[in-house]
Amino acid sequence: MFILRVHSVDTELPLTNAEEIEFYTITSLSNPNPKFRERRGVVHLYRKASQSSLPNPSSRSTSLFVVAVPKYLSAADFIRFAGSHIENITYILFVWNDGMEDRYSVLIELAAQSAADAFYFSLNGKRFSPAEVELCHILFTQSVEYTELGEIASTPPVGFTELPTCPICLERLDPDTSGILSTFCDHSFQCSCTSKWTYLSCTVCRFCQQQEENPVCSICGWGENLWICLICGFMGCGRYKEGHGVRHWKDTQHCYSLELISQQIWDYVGDGYVHRLTHSKVDGKPVEINSRCTSIEGTCHSCGYGDDSGINEAIYSSKVEAVFDEYSRLLATELEKQRQNYESLLAEAKGKRDSTIAEAVEKAVTSEMQDIQSKLDKCTEEKNALAEINRKLIKDQQVWHVKVKEIEEREASESRLMDEKILDLEEQVRDLKVYIEAQKTLTDMTDSDSIKGGTVLPVPSTQSSSTNTRRHKKAGRRRN
């Protein structure tokens, strides 16, 4: 089941071409006043992610959406293309997009479910013109919403994923995803359909056709293993390089991406390929995957899609090989990531070891430096103490030197005084001896009368004149 969100700042207006309106009223006699409207806007198409997009009794409705109508087909031409079904149309809206110079879309409301089924089975997959290659692709829609905010219009509802509105990009997807049962073109480089469909407006088709260009990743500039978003045309590198394609899906929820080289489409939500065509391993020709009956019930037994054929095995093998290649590259990528992870773990462990060793060495050096510093401080304190003691000793030495000098001077002075006393005493003793001897001599002499009245003269001394002078003075004092 599909829903539409239209980003439009314009209001819905009736068709202004009077000639076309007259044509409508004349052609539809049973329904002379259907509502024919036009509006400018950008259509966003969403599908239920968990269900097949192919029509079934539970997914049908009276609302139909014609994905793309070429611009060379006017509104009147489209009504002619609808033919007799115009009688059952109650409302039709032509949606014009200024960014799409080659196509427009159409919303149709029919009176009953049977009329909607008839319109669908009659015109779906039919060429708009026998001389042209464009096909009419019709989808049953559940609802249509209009908003003036582009952010709301481009945000998928819960449980839905966005599909491209380019008819070629839709035809690239498998029927379960796109809701398109079949197409007559494989959209290879040689096909002319792309030059008529969306050559100017669809970025994906332009990249696929203009092979002379060298596209690169929009983020990192890498030129290999490129994937382009089917919704907005963002070019990103694969998950085996920088993974910018995967990041784009996570940021925008655009889950369909086409690989430029293989033209295979990957669904990030379903985690598998969803392209409709692949190259057969039998003859190398493009074959359709998941081809099925065009009946809503799928049991008509007339189209041959339900029958077993030799090509089914080739298709199955081709898809299995594509999945095998994808998972082989995924495994190689994961192994590379594991190698990088373990290398980073080893580098981290080595860094931790080196850090631990450095911390231990730094701690040991710091501890040793602290011990040495403490010893140095202790030695400095002892040195300062010894220096203080030395200063005190020097000071005491000076004091004692002065005292010793004073004592020596005093002792020298006392010694001189003592010597003088001794000399004085010696002189006195000698004088006494002389006196005593003289008295004795006088006593022993018989003729004492002859010397009576005589004078005793002192004997000259060998001492210095000063000493003799003092001694004589003293002797004179004693005699006196």
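Student: How do strand S5 and strand S7 pair, and over how many bridges?
Tutor: This is a predicted model. In it, S5 (residues 63-70) and S7 (residues 103-110) run antiparallel, with six bridges between them.

Student: Which residue stands opposite Ser-63?
Tutor: Glu-109, in S7.

Student: What order do the strands of the open sheet come in?
Tutor: There are nine, in the order S2-S3-S6-S7-S5-S8-S1-S4-S9. The pairing is mixed.

Student: Which ones are the edge strands?
Tutor: S2 (13-14) and S9. Each of them pairs on one side only.

Student: Which strands does helix H3 lie across?
Tutor: H3 covers residues 113-123. It lies across S5, S6 (89-96), S7 and S8 (138-147). Against S8, the helix H3 runs at about 115°.

Student: Back to S4. Is it enclosed or open, and why?
Tutor: Strand S4 (residues 42-48) is largely enclosed by the rest of the structure, because five of its seven residues are buried.

Student: What joins S4 to S1?
Tutor: Six bridges, and S1 (residues 2-7) runs antiparallel to S4. Across that pair, Leu-4 stands opposite Leu-45 in S4.

Student: And how many bridges join S4 to S9?
Tutor: Four. S9 (residues 160-163) is also antiparallel to S4. There, Lys-48 stands opposite Phe-160 in S9.

Student: Where do side chains point along a strand?
Tutor: In a regular strand they alternate between the two faces of the sheet.

Student: Remind me, what is a disulfide?
Tutor: It is a covalent bond between the sulfur atoms of two cysteines.

Student: Is Cys-255 buried or exposed?
Tutor: Buried, with a relative accessible area of 0%. Cys-166 is buried too, at 4%.

Student: Now the whole protein. How many helices and strands does it have?
Tutor: Eleven helices and 16 strands.

Student: What share of the residues is buried?
Tutor: 36% of the 480 residues.

Student: Last one. What share of the contacts joins residues 24 or more positions apart?
Tutor: 69%, counting contacts with a separation of 6 or more.

Technical notes
Residues are numbered from 1 along each chain as its sequence is written. This is a predicted model: local features need pLDDT of at least 70, side-chain atom pairs count only at pLDDT 80 or more; totals for chains, interfaces and linings use all residues. Side-chain values use heavy atoms; hydrogens and water are left out. Helices (H or I, at least four residues) and strands (E, at least two) are DSSP runs, numbered from the N terminus. Buried means under 20% relative accessible area, exposed over 50%, partly exposed in between (1.4 Å probe, protein chains only). Contact means heavy atoms within 4.5 Å. Two strands pair if DSSP finds at least two bridges between them. Axes are lines fitted to C-alpha atoms, for helices over the stretch in contact, and angles run from 0 to 180 degrees between N-to-C directions.
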